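Subject: The structure I promised you

Hi,

Here is the structure we talked about, sequence and all. Have it open while you read, and I'll walk you through what turned up.

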Amino acid sequence: MVVCAMLVVVFFLCKKAPLILQEAFKEKEDNENSFEMTEKAVVQIEPKQQRSRTVRLGLFLIRSGKFLFLFLQNVEVLYYLLYGVAAIVGTLYHPFFFAFHLSAIVVRYPTMRNIVRSVWEPRVAIVLTLVLLFIVVYVFTLIGFTFLHDDYQGYCEELWSCFLKVFDNTFKSNGGLGGWLDSLNKEDLDKFPGTFNEVRFVYDNIFNWLVVIVIISIIAGLMIDMFGILREQEAERKADIENFCFICGLSKEIFERRSVDHKSGFLKHIKCEHYMWNYVFFIAFILQKKQNDLNGIESYVLDMVKEGDMSWFPYQRALAMKNVEDFEDEQQIRENLEQISRSLGSAGNQLKLVERALDNSREL
């Protein structure tokens with residue numbers, strides 16, 4: 001179990017750590033981070049070509065500290081570190097800690113993550129609603145402590161313990177607070193089955209309506225609404241991935257409708273013409289290539305990438321669409337020429353008829 005868990009952690013770190021390392025050791029620094037501001041100040045002390053060993057060591061320590069800071073800030077990194085620690089502790093101390101690995105189900109499936117996010121995203125509204133719940137329960141505890149002290153049968157001698165008892169039995173007892181009070185006064189109800197307490201009727205029903213029905217429904221509604229929003233966003237993202245080209249942004253419908261044959265449809269376009277990973281490989285290639293070895297196009301694209309300008313991407317343009325449009329233009333030109341020739345032919349026939357009519361009129 002430990003070996004499998006550590007393999008998962010190692011594979012994740014091999015995927016994530018280089019990105020964090022590149023972020024920590026990048027040359028272009030932002031001024032907002034304290035590590036970055038310190039590094040920039042050290043760099044300005046002495047030019048890059050004349051840095052002493054002390055300055056270089058200081059830069060390395062600063063960037064290493066920045067890497068550790070970014071590394072421990074990443075939620076995924078912390079999760080997988082805990083994943084490995086739980087495997088080790090579960091093997092050496094107690095198998096109970098292996099239960100942490102069940103959280104991998106939540107991490108790996110988007111629907112499960114949306115369920116957790118539906119509770120986490122509206123956390124402010126949920127906390128404020130819980131505060132309102134505590135206030136309502138406290139108010140009803142004061143009412144019971146003051147006016148219905150005998151119905152609590154000794155469980156409401158102090159206000160704080162009375163509040164805890166009321167809150168605890170609101171959701172545990174069958175019938176809420178009123179059901180719990182009825183169970184405490186069961187002997188009196190059995191002795192006098194026909195009695196009706198109007199105060200308890202109003203007290204129990206208003207409490208159940210406000211707390212059990214209204215406030216709990218508000219909390220459930222907040223989570224359900226957020227889950228619906230997250231599910232719609234996930235569906236839109238999936239539809240965008242499946243129905244639009246990542247590079248040019250053209251829709252699948254356009255390629256399927258305008259394709260000359262089945263071999264030139266949307267699937268061929270995203271796998272051959274605008275294959276997403278080819279662009280990633282090209283960007284990685286020009287970033288790793290020596291600047292003196294770059295040609296004109298590569299230098300131009302590299303400058304655009306460093307500036308964060310993606311205008312060099314063929315947005316709303318595709319070679320397949322150009323070929324189809326050229327084919328449609330040629331076909332349209334041919335149809336226009338044929339129409340013109342037919343019109344000229346009909347005009348020539350009409351001229352011949354006119355000439356014959358003139359010849360006949362001259363003979364007469």
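One definition before anything else: a residue is called buried when its relative accessible area is under 20%, exposed when it is over 50%, and partly exposed in between. By that rule Phe140, at 9% relative accessibility, is buried. Please also keep in mind that this is a predicted model.

**Aromatic rings**

A pair of aromatic rings is described by the distance of the centres and the angle of the planes. The count here comes to 18 aromatic pairs. Take Tyr93 and Phe97: their rings make a tilted pair, 6.1 Å centre to centre with 55° between the planes. Tyr93 is exposed, because its relative accessible area is 67%. Phe97, at 32% relative accessibility, is partly exposed.

Now back to Phe140, which pairs with Phe207. This pair is edge-to-face, with 5.2 Å centre to centre and 75° between the planes. Phe140 sits in helix α7 (residues 123-147) and Phe207 in helix α11 (residues 198-243), so the pair ties together parts that are 67 residues apart in sequence. Phe207 has a relative accessible area of 0%, so it is buried, and Phe140 is buried too, at 9%.

There is also an aromatic cluster to look at, formed by Phe134, Tyr138, Phe163, Phe167 and Phe171.

Tyr93 comes back here. Together with Met6, Ile88, Leu92, Phe96 and Phe97, it makes a nonpolar surface patch of about 670 Å². If you want to find Tyr93 on screen, look in the loop between α4 (75-92) and α5 (104-108).

While you are around α4, have a look at Leu81, which is found in that helix. Leu81 is partly exposed, with a relative accessible area of 31%. Leu81 and Val9 are 72 residues apart in sequence, yet their C-alpha atoms are 6.9 Å apart in space.

**Cysteines**

How many disulfides does the structure hold? The answer is one. It joins Cys156 to Cys162, with an S to S distance of 1.8 Å. The angle about the S-S bond is -80°, and the link of Cys156 and Cys162 is left-handed. Cys156 is buried, with a relative accessible area of 0%, and Cys162 is buried with a value of 0%.

Cys245 is buried, at 4% relative accessibility. Cys4, on the other hand, is exposed, at 52%.

**Salt bridges**

Side chains of opposite charge can pair when their charged atoms come close. A search of the whole structure finds six salt bridges, and I'll show you a few.

- Glu121 and Arg117 form a salt bridge, and their closest N and O atoms are 3.6 Å apart. Glu121 is partly exposed at 36%, and Arg117 is partly exposed at 34%.
- Asp168 and Lys172 meet in a salt bridge at 3.0 Å, N to O. Both lie in helix α8 (residues 159-172), four residues apart, which is about one turn of the helix. Asp168 is partly exposed, with a relative accessible area of 30%, whereas Lys172 is exposed at 63%.
- Arg200 and Asp182 meet in a salt bridge at 2.8 Å, N to O. This pair links distant parts of the chain: Arg200 is in helix α11 and Asp182 in helix α9 (residues 176-184), 18 residues apart. Arg200 is buried, at 8% relative accessibility, while Asp182 is partly exposed at 34%.

Asp204 has its place in helix α11, and at 10% relative accessibility it is buried. Leaving aside its neighbours within four places in sequence, Asp204 is in contact with Gly178 and Leu181.

Methods: Residues numbered from 1 in each chain as written. Predicted model: local features only at pLDDT ≥ 70, side-chain atom pairs only at ≥ 80, totals over all residues. Heavy atoms only, no water. Patch = residues over 30% accessible without salt bridge, like charges linked within 9 Å, V, L, I, M, F, W, Y side chains within 5 Å. Areas by Shrake-Rupley, 256 points an atom, 1.4 Å probe, with all protein chains shown as cover. Salt bridge = Lys/Arg side-chain N within 4 Å of Asp/Glu carboxyl O. Helix = DSSP H or I, 4+ residues; strand = E, 2+ residues; numbered from the N terminus. Phe/Tyr/Trp six-rings, centres within 6.5 Å; stacked < 30°, edge-to-face > 60°. Buried < 20%, exposed > 50% of the residue type's maximum accessible area, 1.4 Å probe, protein only. Disulfide = S-S within 2.5 Å. Contact = heavy atoms within 4.5 Å.
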